[in-house]
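Colleague: I'd like to go through the labels on this one and hear what stands behind each of them. Can you take me through it?

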Amino acid sequence: MSQGACENQLLSKLALSDKHGEASPYFHGWKAYDNNPFHPTHNPQGVIQMGLAENQLCSDLIKEWIKENPQASICTAEGIDSFSDIAVFQDYHGLKQFRQAIATFMERARGGRVRFEAERVVMSGGATGANETIMFCLADPGDAFLVPTPYYAAFDRDLRWRTGVRIIPVECSSSNNFQVTKQALESAYLKAQETGIKIKGLIISNPSNPLGTSLDRETLESLVSFINDKQIHLVCDEIYAATVFAEPGFISVAEIIQEMYYVNRDLIHIVYSLSKDMGLPGFRVGVVYSYNDVVVSCARRMSSFGLVSSQTQSFLAAMLSDQSFVDNFLVEVSKRVAKRHHMFTEGLEEMGISCLRSNAGLFVLMDLRHMLKDKTFDSEMALWRVIINKVKINVSPGSSFHCSEPGWFRVCFANMDEDTLQIALERIKDFVVGDRANKNKNCNCICNNKRENKKRKSFQKNLKLSLSSMRYEEHVRSPKLMSPHSPLLRA
């Protein structure tokens with residue numbers, strides 16, 4: 001037995017599996033950036049990172065608050081007195097003041113139209129950990145969840161890799177802006193049942209990543225009604241709740257079930273984090289909020305494997321308890337995302353590129369279907385490689401989000417300053433103009449060839465007509481010019 005085979009026998013199936021999802025172009029694009037990162041002075045020809053949905057638009061507000069509230073950190077002279085209390089062992093329930101601050105922030109990010117109980121807040125290591133935790137609580141290996149397409153590329157890792165849970169895509173199309181319908185859900189559910197797959201629930205992102213759209217009330221009510229009829233779970237990933245900047249506004253599933261009194265609330269679960277709305281992905285603050293008591297209890301025990309540090313909890317509890325700061329922050333994040341979204345989409349429109357109409361999120365779904373060689377995912381990947389390697393911009397192809405149609409690309413706009421965004425727009429413009437010039441050149445060559453062929457055919461046609469005319473005239477004139485030996489003359 002070879003050494004490699006022997007070593008493989010010593011490892012788990014998980015360690016040897018390729019289900020993590022790293023082979024996706026979604027992650028390959030990050031590697032391209034890591035190998036050659038753009039910097040305005042040190043590496044101006046590097047790759048610009050537009051594949052990372054990160055909110056850097058309001059970090060100045062947080063920095064200002066920190067300066068004004070040094071006591072919030074146990075690592076400052078003003079906050080050192082709390083060091084011993086925070087640095088000692090904390091159980092997996094988390095600091096009470098932290099859970100209360102998170103619950104209150106979730107309420108304010110949803111317009112104060114719903115209430116959240118601090119006792120139902122379960123912390124986790126980011127939304128990634130929260131999504132995996134809820135899967136462990138709701139399903140066994142081999143069970144499946146319905147997920148409308150296109151969906152977040154890393155769901156394949158977060159939901160499946162360690163849990164053994166399956167994802168059943170619910171195909172949506174651009175004909176209705178990729179909105180999920182009850183008919184599509186019913187069809188996917190029925191097909192899964194016919195093949196013996198056990199459907200445990202439905203997972204939605206609201207607002208959607210990568211669409212950048214929020215669900216309206218009617219759609220949410222339809223989804224809640226669907227899962228209630230089937231008695232399966234509904235997991236709502238609401239991590240972009242505060243990034244909504246246009247109508248329809250954000251409506252949480254928590255608001256919907258307040259009005260649908262007959263719904264089994266044990267089936268409703270929310271995933272949240274501070275990574276997107278507040279721009280704090282490095283703090284690894286994820287939240288599972290469930291209306292099911294058993295799920296809350298199980299998730300809390302499981303959170304031992306992905307706790308948020310006590311220092312982070314203490315700091316955030318202080319900041320999120322400052323209601324004046326929170327209210328101003330939520331207004332500003334919506335305004336700044338709207339401004340950046342307008343700046344980017346307007347720049348694209350000027351060069352003839354459209355995007356899916358969106359009202360939320362830190363990205364747009366850019367439509368480059370007209371630039372594909374043909375309507376295939378192979379053509380999409382070929383175009384993506386050109387954008388990565390030649391245009392030097394990392395964007396994410398729609399196929400990495402399981403989009404049903406080739407030619408859509410997710411582009412993030414909130415993880416850079418305005419100068420870098422303008423450079424990215426210039427690169428896209430140069431590429432698009434160059435592509436059109438090449439197409440026009442090819443088109444002109446084709447047109448010229450067609451004109452030459454037309455001329456040639458016209459000449460040949462005229463020549464044939466001329467020869468035919470000559471033969472006809474010769475035939476008509478021939479009795480007068482007949483040879484004495486002509487058979488007709490002899491006759």
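Colleague: What makes the crossing of α6 and α13 left-handed?

Modeller: Left-handed is the label when the near helix is turned anticlockwise from the far one by less than a right angle, and right-handed if clockwise. The crossing of α6 and α13 falls under the left-handed case. Bear in mind that this is a predicted model, where local features need pLDDT of at least 70 and side-chain atom pairs pLDDT 80 or more, while totals for chains, interfaces and linings use all residues. Numbering starts from 1 along each chain as its sequence is written, and side-chain values use heavy atoms, without hydrogens and water.

Colleague: And why is α6 called oblique to α13?

Modeller: The axes of α6 (96-109) and α13 (residues 310-320) come within 8 Å and cross at roughly 45°. Axes are lines fitted to C-alpha atoms, for helices over the stretch in contact, with angles from 0 to 180 degrees between N-to-C directions. Under 35 degrees would be roughly parallel, over 145 roughly antiparallel, 65 to 115 roughly perpendicular, and the rest is oblique. So α6 is oblique to α13. Helices here are DSSP runs (H or I, at least four residues), strands likewise (E, at least two), numbered from the N terminus.

Colleague: Which residues of α6 and α13 meet?

Modeller: From α6 there are Gln 97, Phe 98, Ala 101, Ile 102 and Phe 105, which meet Gln 313, Leu 316, Ala 317 and Leu 320 of α13.

Colleague: Why is Leu 95 called buried?

Modeller: Buried means under 20% relative accessible area, exposed over 50%, partly exposed in between (1.4 Å probe, protein chains only). Leu 95 has 8%, so it is buried. Beyond its neighbours within four places in sequence, Leu 95 is in contact (heavy atoms within 4.5 Å) with Ile 86, Gln 90, Ser 310, Gln 313 and Ser 314.

Colleague: How do you know that Cys 403 is in no disulfide?

Modeller: A disulfide needs a pair of cysteine sulfur atoms within 2.5 Å. For Cys 403 the nearest cysteine sulfur, that of Cys 172, is 9.6 Å away. The search of the whole structure finds zero disulfides. Cys 403 has a relative accessible area of 6%, so it is buried, whereas Cys 75, with 54%, counts as exposed.

Colleague: What makes Lys 392 partly exposed?

Modeller: Its relative accessibility is 24%, so Lys 392 gets the in-between label. His 402, at 32%, is partly exposed too.
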